[in-house]
Amino acid sequence: MILKDDMRKESKIFGFSAGLFLILAVVGTIFFEGDDVKLAIVYWLIFAFCIFAFLSQFTYKVELYEDKIIISWFIFIKKEIIIKDIKEFNYKKYGFGRFYTFILIANKKYKFYTKRMEEIKAHLEHNINQSHIV
C-alpha cells in the first residue's frame, strides 16, 4: 500500500461531542420535567448525529496501491479501480478546506475526496498518459 487516507483526524471532535451530549441527554432524561424534556430530546438527537459523524471515520477510506485504488464509502460500498483501466483523471479543490475532489474516468466515472492530493496526483500521472486539472 502506498497511502491510506481516511477521516480519523476530522472525526475526533465528533467523538468528544458525542460523549458530552450523551451525558447531557442521560442527565436530562432523568432530571428534567415538563418543557425541559424537549431539551433532553434535542440532546439525544445531537448525540445521534455526533455518533454518526464519529463512526464515519471507519466508513470512508481511500487506499492507493501500485496497481489499484480502493474507495470505501460505507460498510457495504467498496469500489476497486484498476489503475491501468483509468483513461484520464481530473481534480479540483473541494470548497474552502484542505480536501480535493478526484474524478477518475475508467469504464465508468468514479469520484472521491482526499486530503492527499499530491501523492495521488503524482502516482496517477506516473501511470496515466493524460491528466487534466479543472
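Mentor: We may, bearing in mind that this is a predicted model. To begin with a definition, helices are DSSP runs (H or I) of at least four residues, numbered from the N terminus.

Trainee: Which helices each supply at least two residues of the lining of the largest pocket?

Mentor: As a general idea, rolling a probe the size of a water molecule over the atoms shows where empty space is left. Here, α1 (8-31) and α2 (36-55) each supply at least two lining residues of the largest pocket. The largest share, 3 residues, comes from α1.

Trainee: What is the volume of this largest pocket, and which residues lie nearest its centre?

Mentor: The volume is about 360 Å³. Of the 14 lining residues, Met7, Ser56, Tyr60, Phe99 and Tyr113 lie nearest the centre. By class, the lining has 10 nonpolar, 3 polar and 1 charged residues.

Trainee: Is Lys38 buried or exposed?

Mentor: Lys38, which lies in helix α2, is exposed, because its relative accessible area is 57% and the cut-off for exposed is over 50%.

Trainee: Which residues touch the most other members of the largest nonpolar core?

Mentor: In soluble globular proteins, nonpolar side chains tend to be buried together. In this model, the largest nonpolar core has 21 residues, and Ile69, Ile86, Phe102, Leu104, Phe112 and Leu124 touch the most other members. Elements giving two or more residues to this core include β3 (68-72) and α3 (117-127). A second, separate core of 6 residues includes Ala18, Phe21, Tyr43 and Cys50.

Conventions: Residues numbered from 1 in each chain as written. Predicted model: local features only at pLDDT ≥ 70, side-chain atom pairs only at ≥ 80, totals over all residues. Heavy atoms only, no water. 1 Å grid on protein atoms, 1.4 Å probe; cavity = no way out; pocket = protein on both sides within 12 Å on 5 of 7 lines; lining within 4 Å. Points joined across faces, edges and corners; volume = space filled by probe spheres on them. Nonpolar A, V, L, I, M, F, W, Y, C, P; charged D, E, K, R; others polar. Buried < 20%, exposed > 50% of the residue type's maximum accessible area, 1.4 Å probe, protein only. Core = buried A, V, L, I, M, F, W, Y, C linked by side-chain atoms within 4.5 Å.
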